[in-house]
Amino acid sequence: MEEIKIRILLVEDEPKVSSFIKLGLEEVGYWVETADDGNVGKQLFDRRSYDLVILDVMLPGISGIELCKQIRKSDDKIPVLMLTALGTSLDKLKGFDAGADDYLLKPFEFGELMARIKALLKRTKAGEKALRVLKFMDLEMHLDSYEVKRGETRIELSQKEFGLLEYLMRNKGKVVTRAEIAENVWNNAFDSGTNIIDVYVNFLRKKIDKDFEPKLIKTQVGVGYILKE
Ligand code: CA
């Protein structure tokens with residue numbers, strides 16, 4: 001079964017630095033989404049779920065420091081690594097107490113960045129064990145063992161059904177559009193004219209909703225789907 005990729009949000013306005021980091025991280029198997037503006041970064045953070053955030057300090061829109069503070073308001077666990085230009089005093093930066101977990105001075109070697117990322121992911125892994133189990137009502141997903149249960153009933157899902165349910169669970173209570181599902185679960189790897197998403201939502205409903213009450217997957221007509229009581 002395909003491993004679920006570590007998802008990283010990179011907010012960096014210098015194109016060269018951004019593509020250097022993105023390409024390097026993709027090469028080692030991470031999934032990277034980029035924004036070149038603090039506000040865009042915030043929007044992405046609110047809409048999607050990530051395992052780690054890399055923030056440049058000086059950004060158009062809102063600064064990396066402000067963005068980090070806002071991220072901390074909604075998520076006090078996600079690891080945040082700040083990138084700072086040479087000349088910025090680290091002590092001064094830490095004085096802002098934005099809530100970042102680590103700081104890296106530019107310019108840096110890619111190996112150094114990787115070491116910091118791995119350390120952050122490892123450090124949060126213990127705390128993340130709880131996050132590796134997603135729960136909604138009596139529905140439970142164990143991301144490590146690929147176990148899905150509704151109440152005491154074990155449910156077998158295919159890989160795509162599992163990915164789709166994970167995406168819905170991570171966005172529970174929020175409507176997700178077909179385009180968002182296509183991008184996040186299928187990596188846009190099909191012609192958008194097909195109804196493959198609706199087909200898979202129906203597969204999923206047969207398995208997690210058909211024999212249970214209440215039904216959890218709701219259709220938002222003309223928009224998409226939502227996991228809701
Ligand atoms: Ca910058």
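In the predicted model, helix H6 (residues 159–170) and helix H7 (residues 178–185) pack at an angle of about 125°, with 10 Å between their axes. Axes are lines fitted to C-alpha atoms, for helices over the stretch in contact, and angles run from 0 to 180 degrees between N-to-C directions. Helices (H or I, at least four residues) and strands (E, at least two) are DSSP runs numbered from the N terminus. H6 and H7 are therefore oblique to each other; angles under 35 degrees count as roughly parallel, over 145 as roughly antiparallel, 65 to 115 as roughly perpendicular and the rest as oblique. The crossing of H6 and H7 is right-handed; a crossing has this hand if the near helix is turned clockwise from the far one by less than a right angle, and is left-handed if the turn is anticlockwise. On the H6 side the contact (heavy atoms within 4.5 Å) is made by Lys160, Gly163, Leu164 and Tyr167, and on the H7 side by Glu180, Ile181, Asn184 and Val185. By class, the residues of the contact of H6 with H7 are four nonpolar, two polar and two charged. Ala, Val, Leu, Ile, Met, Phe, Trp, Tyr, Cys and Pro count as nonpolar, Asp, Glu, Lys and Arg as charged, and the others, Gly among them, as polar.

Residues are numbered from 1 along each chain as its sequence is written. Local features need pLDDT of at least 70 and side-chain atom pairs count only at pLDDT 80 or more, whereas totals for chains, interfaces and linings use all residues; side-chain values use heavy atoms, with hydrogens and water left out.

H6 also packs against helix H8 (residues 196–208). The axes of H6 and H8 come within 10 Å and cross at roughly 85°, which makes H6 roughly perpendicular to H8. H6 contributes Lys160, Glu161, Leu164, Leu165 and Leu168 to this contact, and H8 contributes Tyr200, Val201, Phe203, Leu204, Lys207 and Ile208. The contact of H6 with H8 has eight nonpolar, no polar and three charged residues. Tyr200, in H8, touches Ser158, Lys160, Glu161, Leu164 and Trp186, leaving aside residues up to four places away in sequence. Tyr200 and Val17 are 183 residues apart in sequence, and their C-alpha atoms are 38 Å apart in space.

Strand S8 (residues 147–150) pairs with S9 in the antiparallel sense over three bridges, and the bridge partner of Arg150 in S9 is Thr153.

S11 is joined by four bridges to strand S12 (residues 224–227), and the two run antiparallel. The bridge partner of Ile217 in S12 is Leu227.

Some backbone features fall in loops. The peptide bond from Lys106 to Pro107 is cis, with omega near -5°, and Pro107 is found in the loop between strand S5 (102–105) and helix H5 (110–128). A cis peptide bond also joins Glu213 and Pro214, with omega about -10°; Pro214 lies in the loop between H8 and S11. Met137, a residue other than glycine, has a positive phi near 50° and is placed in the loop between S6 and S7.

Overall, the protein chain has eight helices and 12 strands. Its C-alpha trace spans about 60 × 40 × 30 Å along the principal axes. The radius of gyration of the chain is 19 Å, which agrees with the value near 17 Å that a compact globule with 229 residues would have. This radius is taken over C-alpha atoms, and the globule rule is 2.2 Å times the number of residues to the power 0.38.

Methods: Two strands pair if DSSP finds at least two bridges between them.
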